[in-house]
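Dear colleague,

Here is the structure we spoke about, with some notes on its packing below. Please read them alongside the coordinates.

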Amino acid sequence: MENLIEELTAKNKEYIHSVTKQLMLLGKSDEEIKTILNDILPQIIEAQKNGTIARKLLGAPTEFAQKYQPKVADKPVTEKNENPGLMWLDSTLLFLGFISVLNGIMAFVSSASPVYGFVTVVLSSAIAGLVMYMMYRFFYRPKADGARQKWNWKGFAATTVSVLLWIAVTVLSGLLPTSVNIQLPAIALIIIGIVAFGVRWLLKRQFNIQSALVSQPRK
């Protein structure tokens, strides 16, 4: 290789020096650099006979070296966890957090504001989570999968029953005596809501749970 370098013009020697430096910056070993130079030196020598300099033949040193930059492997796409139980729990905690915080703020703003009892909050959140999962299962998921849209009477029936159950549970649990359906202080409701949001975040991070509120294309 040294003999070939001696045949280069001053400009081409400078070019080879710059290329070598760039390859070293990319972390190439001496052997790898020698292999690369052995490939290009004959081309450069042949081209300089016709008055073509190496930069014009191979491009700028940085541009040439980029061809040998290690390829970064694509990050694997992690599949979302579509376990029905975890998805229902995820939606339940979301509603529990939202309803609790909202009720707590309303109680702070005005003591006359109607506040759900704790049993109502929990049961209503649980059924709301079921409604959201039904909507995902029968409507959002097929759409995300690119399935042909057609009337899904089973999905419609299941979702309708879930919504009616949600309304019924919310209304009937509200009729329970306050000794059972305890009305918690505003600060307690807000704390419960914050805890619910926190637990939901931890579970999503731990189990990579698919949210029932979004239609995400499946891989």
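Nonpolar cores

In this predicted model, the largest nonpolar core is made of 16 residues. Those with the most contacts inside that core are Tyr-15, Ile-16, Leu-37, Ile-40, Ile-44 and Phe-64. At least two residues of this core come from each of α2 (10–25), α3 (30–48), α4 (54–58) and α5 (61–66). The most is given by α3, with seven residues.

Tyr-15 has contacts beyond its neighbours within four places in sequence: Ala-54, Arg-55, Leu-58, Gly-59, Ala-60, Pro-61 and Phe-64. Another core, of 15 residues, lies apart from the largest one; Met-87, Leu-96, Ala-196 and Ala-212 are among its members.

Helix α9

Helix α9 spans residues 186–207, which is 22 residues. From first C-alpha to last, α9 reaches 32 Å, close to the 32 Å expected at 1.5 Å a residue.

Which residues of α9 are buried? They are Ala-186, Leu-189, Ile-190, Gly-193, Ala-196, Arg-200 and Leu-203. Seen down the axis of α9, these buried residues fall within an arc of 155°, so they line one face of the helix. They pack against α6 (84–109).

The face of α9 turned away from the buried side carries the exposed residues Ile-194, Trp-201, Leu-202, Arg-205 and Gln-206. After α9 comes Asn-208, with a positive phi near 55°.

Regards

Key: Residues numbered from 1 in each chain as written. Predicted model: local features only at pLDDT ≥ 70, side-chain atom pairs only at ≥ 80, totals over all residues. Heavy atoms only, no water. Core = buried A, V, L, I, M, F, W, Y, C linked by side-chain atoms within 4.5 Å. Buried < 20%, exposed > 50% of the residue type's maximum accessible area, 1.4 Å probe, protein only. Helix = DSSP H or I, 4+ residues; strand = E, 2+ residues; numbered from the N terminus. Contact = heavy atoms within 4.5 Å. Expected span 1.5 Å × (residues − 1). Arc of directions from axis to C-beta.
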